[in-house]
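Here are my notes on this entry, as numbered points. Please read them with the structure open.

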Number of protein chains: 2
Amino acid sequence: MLTIGQLAAYAGVTIKAIRHYHERGLLAEPDRDSSGYRRYSAGDAVTLIKIRTLAGAGVPLARIKDLLDADPDALAAAIGEIDRDIDERITRLQVTRDQLSQLRGGDWLFVSPQVADYLDDLRNLGVSERAVRVERDGWILMQTASPEAAASWIAEKRELMADPEFRDLYLAHDAAYDWSPEDPRLPGLADRTRTWLTTHPSRSECEPVDNPAIARLAAQSQPGASSPAWERLARLMGASPASG
Amino acid sequence: MLTIGQLAAYAGVTIKAIRHYHERGLLAEPDRDSSGYRRYSAGDAVTLIKIRTLAGAGVPLARIKDLLDADPDALAAAIGEIDRDIDERITRLQVTRDQLSQLRGGDWLFVSPQVADYLDDLRNLGVSERAVRVERDGWILMQTASPEAAASWIAEKRELMADPEFRDLYLAHDAAYDWSPEDPRLPGLADRTRTWLTTHPSRSECEPVDNPAIARLAAQSQPGASSPAWERLARLMGASPASG
DNA sequence: GCTTGACCCTGCCCCTGGGTCAAGCTTCGA
DNA sequence: TCGAAGCTTGACCCAGGGGCAGGGTCAAGC
């Protein structure tokens, strides 16, 4: 006959766990010896190892309790189910591992794949990290408000980026962020932008999304995301569609 | 700006979890609107997805809190560590899955491999399941008391099973369990057993282990594990070494 | 203007699967 | 014979939330 410590060592379980199983009714309380110590049989060891194996597989104790006195067929069925569950957990762990590796490596985790691709395009174009971050945050807000609308907008915008003049304007606006508000290039840039806007009517019903000013709009909620040069640019463009 | 429900939906997390992260200091409490609702920014969504990813990998919340404002090098190191941890958990899950499959398939899980082999030998010999179970339980008790001694005994016993006369005696004792106590074969079996015991002095210091009577000894703790025929057999063998 | 349903707020207790500590008894080995 | 190790019960603690209570808010439809 075994003491609780011997049983625990044999089954590879802590003493505390055994008492826990007693409390939950998984393992019957054995008889006590004259001093009140619990005394276990070999059958208890067999049961305990079953419990440990099932618990190690993540089966809840309440379910283990049922399985222990289920008929062999039910047990076999349950084991099959648990087995599939383990497989699923393994694949989920592998997914998690992949996601972890993406934590160091861009925005893939935070936005839809389409937006992530778009952000990568921006980076390849030489857009500043600041602008990329502002775009990312804007797209997150849009995706939250309406994932379908964001999906169609992002498609439209990626198409737009194929236009060299638009790309040029985008990069110029990005660069202008750091210019002095008295920079002589600002009026010309404002003119070019206005011209582009009038010759390229937006197809989407939400105009600001389609031009670089979206960055300023999205940025309004973030302190310090605008600049003196951009403020002047906005004034120069006057009542352009972007300012509404 | 997002409500807590929108943020939760975007990040794939429950509202309750977000509030929990606020309590734990993982995610800063955002400003409230006029009605006291929390209002979130896109940056909160980015942080929350980081939290979710790390938490999904099993990283404790307290550690996530540290990692969120750690420098990139420390984060990369931590991610490497977490990655190894996930690998380990995957292999452990695979081991668990193997053990699970053994739950339906014998005694492999409950005793040492040597004892499991021995029990399989017994089954192949045609020994009754009752006797196998009694042997298994006896070996569990022995292994718990002294794994090394049990290891040498099991080796000795498997050697012994190579002796045809011993095998024969073992099977006869097993079969005798179900005989009538008046069965005329019992005196002859008692004689054969006594003869074998005198011509085969035990090498181990613990004699009962080396002969079939171990089954009876181990069974004494289990009610109903003996039988009328066995009782008579014990009386017939008189003061044999097995009866002590 | 009123209702209805969805959403949000705080605060509390509950769960699993144990770990840890305390205070006192028993058993074992030298 | 004495100290170390082992056993007893009981109470409290942890993560990571879930669920419920009891209430406030908001937007739409009638």
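How many residues of chain A are in contact with how many residues of chain B?

1. **Contact count.** This is a predicted model, so every value here is computed from it. In it, 43 residues of chain A are in contact with 43 residues of chain B.

2. **Buried area.** Chain A and chain B bury about 4,100 Å² between them. Carbon and sulfur atoms give 75% of that area. On the chain A side, the residues that lose the most area to chain B are A:Tyr10, A:Leu93 and A:Leu100. Together they make up 16% of what that side buries.

3. **Charged and polar pairs.** There are two salt bridges between chain A and chain B. In a salt bridge, the side chain of A:Arg97 meets that of B:Asp87, at 2.3 Å from N to O. Polar contacts across the interface of chain A and chain B come to six residue pairs, with both residues at pLDDT 80 or more.

4. **Which helices of chain A face chain B.** Four elements of chain A each supply at least two residues of the side that touches chain B: α1 (4-11), α3 (42-56), α5 (72-103) and α7 (129-145). The most comes from α5(A), with 16 residues. By class, the side of chain A that touches chain B has 23 nonpolar, eleven polar and nine charged residues.

5. **Around the DNA.** DNA strand C is surrounded by 21 residues. The closest come from both chains: A:Lys16 and A:Leu61, then B:Thr3, B:Gly5 and B:Arg19.

6. **Phosphate contacts.** A polar backbone atom of A:Leu61 is 2.8 Å from a phosphate oxygen of DNA strand C.

7. **Make-up of the DNA-facing surface.** Helix α2 (15-24) of chain A, and both α1 (4-11) and α2 (15-24) of chain B, each supply at least two residues of the surface near DNA strand C. The largest share, five residues, is from α2(A). This surface has nine nonpolar, six polar and six charged residues.

Terms used
Residues numbered from 1 in each chain as written. Chains lettered and ligands numbered in written order. Predicted model: local features only at pLDDT ≥ 70, side-chain atom pairs only at ≥ 80, totals over all residues. Heavy atoms only, no water. Contact = heavy atoms within 4.5 Å. Buried area = accessible area lost by both parts, 1.4 Å probe. Salt bridge = Lys/Arg side-chain N within 4 Å of Asp/Glu carboxyl O. Polar contact = N/O pair within 3.5 Å; in protein donor to acceptor, adjacent residues only side chain to side chain. Nonpolar A, V, L, I, M, F, W, Y, C, P; charged D, E, K, R; others polar. Near = heavy atom within 4 Å.
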